[in-house]
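Please read them with the coordinates open.

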Amino acid sequence: MISVEQALEKILGYIDVLEAKESPILDTLGLVLAEDIVSTVNVPPLDNSAMDGYAVIAEDTRGAGQQSPKYLKVIGTVPAGSISKQEVIRGTAVRIMTGAPVPSGADAVVQFENTDETQREPNSSEIGILTEAKVGLNIRRAGEDITKGSVTLRQGTVLQSAEIGVLASLGRTSVRVIRRPVVAILSTGDEVVDISQPLPPGKIYNSNTYSLAALVKRYGGIPKLLGIALDNEDSLIAKLNEGLDSDLLITTGGVSVGDYDVVKDVLAKEGEIGFWRVRMKPGKPLAFGSIKGVPHLGLPGNPVSTMVTFELFARPAILKMMGQQNWTKPIIEATIEGSVKNTDGRRIYARAMVEKRDGQYFARLTGPQGSGILTSMTSANGLVIVPEERDGVEAGELVQVMMLDWDNAF
């Protein structure tokens, strides 16, 4: 058996970053930018008002107050999206809406609340200013957000909602990004039945395909469902061939030492096998290799083992394919509220719910830790790590926890 670190190193050493493609900006959420974005415009393009109010010359407001208004002649109104043809000169003001370009001559905007507008008739030709204004008050300067010619977003940036908004503010409808990997998913086993079929005696529904497909989507990939292969080489090879146009091939089951566990045998005959056992629990029987150049991960068949090994090995592989530099999950220190025994020298990943109380983290096991108890994953937001050299941990000890879902902890 090899260690978790050795297994991950072998997998990532085989994986390459995928090629870039031009994509509409709304399709790029979570993807990695494959080009520098140089702005062709200033944002905002012109000085504009940050408030509804009056564009004035600041000097005209000197001495203004609630009891001593400064009266200015209103020479026009400018709504957002329009440009005033009026020039503000001493003694005048232009009524202006938020976002509208500041008229020529004005150097400040006094918001409505600091005028006597509410006391006047609509379309009054005069306005009383009730406060002094400094030069630049309530004015957003041209280019204060983005300057024309500047590199606004750099190659390698992971595009989130704010970055997509920035692209839109530059008028970009599409951008070059590292494309999403297609991940083929194949379940194996004579006992497995598709969820669309009646459940015969002795059979189980194919949950692994759907938990894996959901994980692939969560981390940015495109799942390709290959269905179910029976426990014989012909069926398995036929199904595997359907996935050879993908970027990563994942199978579940068939990698242990039973009479009908044929995945690793087919992998050895049809491709290359790098390893097939890892010093961890759950998830010891895990194969990695390639079939006709397509990287292949043979995950265990038990549903919890499938999900845990995906998080540790398939998720980093998918993220690397997408050009991401950070594929680690947050690891925190928590006080464990139960004991975990380690009887066979493997690293244990125990399902737990992490909570923060009084500024400290506490981890509570989700219950029985059998690798077939899939509902334990629905109750877990982290995996308590028990090192392989430890015999276990006792309640009250500090442990490391790999967080699966950071948001649900706090």
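1. In this predicted model, the second largest pocket takes at least two lining residues from each of α3 (208-218) and α6 (303-321). Helices (H or I, at least four residues) and strands (E, at least two) are DSSP runs, numbered from the N terminus. The lining is made up of 17 residues, and those nearest the centre of the pocket are Gln160, Arg218, Tyr219, Leu319 and Gln324. A pocket here is an open set of points on a 1 Å grid over the protein atoms alone, where a 1.4 Å probe fits, with protein on both sides within 12 Å along at least five of seven lines; lining residues have an atom within 4 Å of a point.

2. The volume of the second largest pocket is about 360 Å³, a volume being the space filled by probe spheres set on the points, which are joined across faces, edges and corners. Sorted by class, its lining holds six nonpolar, six polar and five charged residues. Ala, Val, Leu, Ile, Met, Phe, Trp, Tyr, Cys and Pro count as nonpolar, Asp, Glu, Lys and Arg as charged, and the others, Gly among them, as polar.

3. On conventions, residues are numbered from 1 along each chain as its sequence is written, and side-chain values use heavy atoms, with hydrogens and water left out. Because the model is predicted, local features need pLDDT of at least 70 and side-chain atom pairs count only at pLDDT 80 or more, while totals for chains, interfaces and linings use all residues.

4. Which residues of α3 are buried? They are Asn208, Thr209, Ser211, Leu212, Ala213, Leu215 and Val216 (buried means under 20% relative accessible area, exposed over 50%, partly exposed in between, with a 1.4 Å probe and protein chains only). The buried residues of α3 pack against the strands β12 (182-188), β15 (222-229), β16 (248-252) and β20 (294-299), and also against α6. Just after α3, Gly220 has a positive phi of about 105°.

5. Ser207 sits in the loop between β14 (204-205) and α3. Ser207 is classed as partly exposed because its relative accessibility is 30%. Not counting residues up to four places away in sequence, Ser207 touches Pro303 and Leu374, where contact means heavy atoms within 4.5 Å. Its C-alpha atom is separated by 7.9 Å from that of Ile195, 12 residues apart along the chain.

6. Helix α4 (residues 233-242) packs on helix α5 (residues 263-270) at an angle of about 65°, and their axes are 10 Å apart. Axes are lines fitted to C-alpha atoms, for helices over the stretch in contact, and angles run from 0 to 180 degrees between N-to-C directions. On the α4 side the contact uses Glu233, Leu236, Ile237 and Leu240, and on the α5 side Val263, Asp265, Val266, Lys269 and Glu270. Five of these residues are nonpolar and four charged, with no polar residue.

7. Val177 belongs to strand β11 (residues 174-178). Val177 has a relative accessible area of 0% and is therefore buried. The C-alpha atoms of Val177 and Lys21 are separated by 5.6 Å, although the two residues are 156 residues apart along the chain. Beyond its neighbours within four places in sequence, the contacts of Val177 include Glu19, Ala20, Lys21, Thr28, Leu31 and Leu159.

8. Ser39 lies in the loop between β2 (37-38) and β3 (48-49). Its relative accessibility is 3%, so Ser39 counts as buried. Leaving aside neighbours within four places in sequence, its contacts include Ile146, Thr147, Lys148 and Leu170. Pro44 is in the loop between β2 and β3, and the peptide bond from Val43 to Pro44 is cis, with omega near -5°.

9. Other backbone values deserve a look. Most residues other than glycine have a negative phi, and most peptide bonds are trans. The bond from Lys281 to Pro282 is cis, with omega near 0°. Asn123, not a glycine, has a positive phi of about 65°, and is exposed at 80% relative accessibility. Asp358 has a phi near 55°, also positive, and is exposed with a relative accessible area of 82%.
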